[in-house]
Amino acid sequence: MKTQLKYISILTIASIVIASCTKEKKQDPFQISKQHIGLLTDSTMVKDLDIAFPNDSIVTSIKGDEFAGDNNDIEIYKEGKKSLILTPSQALDSTAVIESVLILNEKYKTDKNISTLSTFKDINDNYKISSINNLISTVVVTVNEINASFTIDKKELPANLRFDMTLNIEAVQIPDNAKIKYFIVHW
């Protein structure tokens with residue numbers, strides 16, 4: 001009887017352990033959050049990019065301007081299409097971390113489903129806009145919540161807002177249907 005109780009106890013404990021082990025959720029390679037883009041995190045070093053992008057082409061250009069402050073951007077190609085441009089914190093240093101990521105591919109989406117196919121209304125409806133900067137040919141909408149800056153071409157704006165860089169552009173002046181050209185996540 002004691003051996004049967006031991007056997008039942010061991011089976012019960014084993015069953016509980018097995019049942020409590022849940023499958024680890026696989027990271028979506030296109031998900032953007034405040035601290036990661038797919039497998040790329042805010043602490044990923046340049047030398048580890050092959051791990052973050054195992055099925056993609058990684059192109060590193062050596063321009064020779066590392067002493068002039070050029071960070072030697074790293075381009076990531078998915079299926080032959082330029083998808084991301086990574087800027088390391090230090091040029092030509094394999095232990096440097098990535099400090100910003102320019103998102104070009106529409107497959108990359110934030111937790112609130114914002115991508116390069118989104119509009120200003122999508123950003124405005126889902127995030128608190130921290131600032132809007134009026135540049136020469138673009139407007140940059142910054143969202144601190146996800147450390148991102150969304151770039152909108154001034155061609156998307158009314159004519160009276162396109163040419164004067166001294167204007168303080170407010171969110172209500174940007175049309176809801178203004179498309180995102182690209183966006184950058186900063187770390």
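Modeller: β9 and β10 form a hairpin with 3 residues between them; strands here are DSSP runs of E, at least two residues long, numbered from the N terminus. This is a predicted model, in which local features need pLDDT of at least 70, side-chain atom pairs count only at pLDDT 80 or more, and totals for chains, interfaces and linings use all residues. Residues are numbered from 1 along each chain as its sequence is written, and side-chain values use heavy atoms, with hydrogens and water left out.

Colleague: How many bridges join β9 to β10?

Modeller: There are 4, and the strands run antiparallel. Two strands pair if DSSP finds at least two bridges between them. N134 has V139 in β10 as its bridge partner.

Colleague: And which residue stands opposite V141 in β11?

Modeller: That is F150. β10 and β11 (residues 148-153) pair in the antiparallel sense over 6 bridges.

Colleague: Is β10 enclosed or open, and why?

Modeller: 6 of the 6 residues of β10 are buried, so β10 is largely enclosed by the rest of the structure. Buried means under 20% relative accessible area, with a 1.4 Å probe and protein chains only.

Colleague: What does T142 contact?

Modeller: Leaving aside neighbours within four places in sequence, T142 is in contact with I129, S130, S131, N133, A148 and S149. Contact means heavy atoms within 4.5 Å. T142 has a relative accessible area of 14%.

Colleague: New topic: which strand does β7 join with 5 bridges?

Modeller: That is β6 (residues 81-88), antiparallel to β7. β7 also pairs with β12 (residues 182-186) over 4 bridges, where V101 stands opposite V185.

Terms used:
Buried means under 20% relative accessible area, exposed over 50%, partly exposed in between (1.4 Å probe, protein chains only).
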